[in-house]
Amino acid sequence: MTVSKVWPSAREAVADVFDGAVIMMDGFGGPGGMAQELILALRERGVRDLTIISNTAGLDSVSFGTPGGSLPVNHGILVANGQVRKVIASFPVSASPSRPTSFELLYREGKVELELVPQGTLAERIRAGGAGVAAFYTPTGAGTLVAEGKEVRVLDGREHVLETALKADFACIRAWKADRLGNLVYRGSSRNFNVPMATAARVVIAEVDEVVEPGELDPEVILTPGLYVKRVVVRRHPGKIYTREQGAAS
Amino acid sequence: MSEKERLSRELMALRLARELKPGMVVNLGIGMPTLVSDYIPHDGSLVLHSENGVIGFGPTPREGEEDPNLVNAGGGFITLLPGGAFVSHADAFAMIRGGHVDVAVLGGLQVSEQGDLANWLVPPRALGSPGGAVDLCVGAKQVFVVMEHTTRDGKPRLVSRCTYSLTGARCVSLVMTDLGLFQVTPQGFLLREIAPGWTAAEVRSLTEAPLAVGPELVEVRA
């Protein structure tokens, strides 16, 4: 039997995402690393009470990383659509208070929760989640707000904060190419959070520009071996940045 | 006195760039720190590190050559220099915490005379975004801060004790403001260089913490 993890569409690949699910998605430095088609499919599906683990809470009021200055599709559209109950992030709001995101507006109304995590701690908690490490001590945040309520221990002459692992039900991963076994390669800075997130969820769904046959990807550059990946979806418009105005329309 | 001209953002960036020496691995924060990259050589003598895993990046690309898969921590478009490399986010922060980054240049809201930094939460706003700054404060060997000397309503940002939520404790060694260059020493702030046309007494009057003046005070020059 030929093994293939390739699913016909983003809509079908997210069909079992349930109300209350915990979902990881990148969220760093613009739209390059975002699984935009999966996010559009999640909005269409309308699942609610989601917990999103991401670098941001969806920066839907700023256009950085998008040529031409349009607003890219990111998980901000799920927040704006009232589908998100909680966000675990390091960069929940834009730097400018005059341009509040959907998340900030809903937070003021008490309609969404936030767990604020320093960025490196967020990445490491995800890596720990994928690596079977329940918790770890890090110097990051000792003596600051983000350490409040956490165990602090002096190790190596320095205060360290106990941080626990993060895992998810689903991870929406954006990679460049896959083979049909789910091996993934990434492009440039867009690999960022995608690599650790692809190890830390029960169901990992990868959105890619292109699928090739096993053996065609150089094994030396595969960063996510297929054993982590359950489903692969090929983008309808490879490489294109989907904007909020246009979605994935052609 | 408040009518006097202060240092431009460009001159602050240029002066701070001179503190970055060949061989250093440097992380530039979002906002004013990013300007520093306009004044450093992009010949590989200095390695720029970005939180999203770009090691050894170069200047902004020409218009029309922007690549969404080549951005810095602020989502700004960059180029990769020969010899550059990509790592994952987890590895990029392992480099930071692991002590492999020599200097982090960060924006600031307040710096205390002990070198504490507050840079992510401005009351009364309920939310802020610390991003990677908390990790950089504990991991980078040196933290330089670039910020305006006073708030919009004239309050000092160099303080005895930070009143805003801390990003890191006892981590800042150098502060560049629009009034001068300040070293954080075990005895507190030391004014090393001053904005042209200003006196140390004038700068002191806009500084909440005690301010020592270096024996050879010179003006900040382009």
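**Interface, pockets and strands**

Reply: Chain A and chain B bury about 3,300 Å² between them, 62% of it on carbon and sulfur atoms. The size of an interface is often given as the accessible area lost when the parts come together; here buried area is the accessible area (1.4 Å probe) lost by two parts on being put together, summed over both. This is a predicted model, in which local features need pLDDT of at least 70 and side-chain atom pairs count only at pLDDT 80 or more, while totals for chains, interfaces and linings use all residues. Residues are numbered from 1 along each chain as its sequence is written, chains are lettered from A and ligands numbered from 1 in the order in which they are written, and side-chain values use heavy atoms, with hydrogens and water left out.

Me: How many residues does the contact take from chain A and from chain B?

Reply: Contact means heavy atoms within 4.5 Å. Chain A gives 46 residues and chain B gives 38 residues.

Me: What is the count of salt bridges between chain A and chain B?

Reply: A salt bridge is a side-chain nitrogen of Lys or Arg within 4 Å of a carboxyl oxygen of Asp or Glu. There are 3 salt bridges between chain A and chain B. One of them joins the side chains of B:Arg125 and A:Glu104, at 2.8 Å from N to O.

Me: Which residues lie nearest the centre of the largest pocket?

Reply: Rolling a probe the size of a water molecule over the atoms shows where empty space is left. On a 1 Å grid over the protein atoms alone, a pocket is an open set of points where a 1.4 Å probe fits, with protein on both sides within 12 Å along at least five of seven lines; lining residues have an atom within 4 Å of a point. Grid points are joined across faces, edges and corners, and a volume is the space filled by probe spheres set on the points. The largest pocket has a volume of about 1,300 Å³. Of its 48 lining residues, A:Ala95, B:Gly108, B:Leu109, B:Asn119 and B:Val122 lie nearest the centre.

Me: What volume does the second largest pocket have, and which residues lie nearest its centre?

Reply: The second largest pocket holds about 310 Å³ of space. It is lined by 22 residues, with B:Gly31, B:Thr34, B:Leu35, B:Ser37 and B:Asn72 nearest its centre.

Me: In what order do the strands of the open sheet in chain B stand?

Reply: Strands (E, at least two residues) and helices (H or I, at least four) are DSSP runs numbered from the N terminus, and two strands pair if DSSP finds at least two bridges between them. In chain B, 3 strands form an open sheet in the order E7-E6-E9, with mixed pairing. Strand E7 (117–118) and strand E9 (158–159) of chain B are at the edges, each with a single partner strand, so one side of each is left without a neighbour in the sheet. Strand E6 (residues 110–112) of chain B runs parallel to E9(B), joined by 2 bridges, and B:Val111 has B:Leu158 as its bridge partner in E9(B).

Me: How many residues lie between E7(A) and E8(A) in their hairpin?

Reply: The hairpin has 2 residues between E7(A) and E8(A), and A:Asp156 in the turn has a positive phi of about 55°. Strand E7 (residues 152–155) of chain A pairs with E8(A) in the antiparallel sense over 4 bridges, and A:Leu155 stands opposite A:Arg158.

Me: Which residues does the cis peptide bond join?

Reply: The cis peptide bond joins B:Pro123 and B:Pro124, with omega about 10°. B:Pro124 is in the loop between E7 and H4 of chain B.
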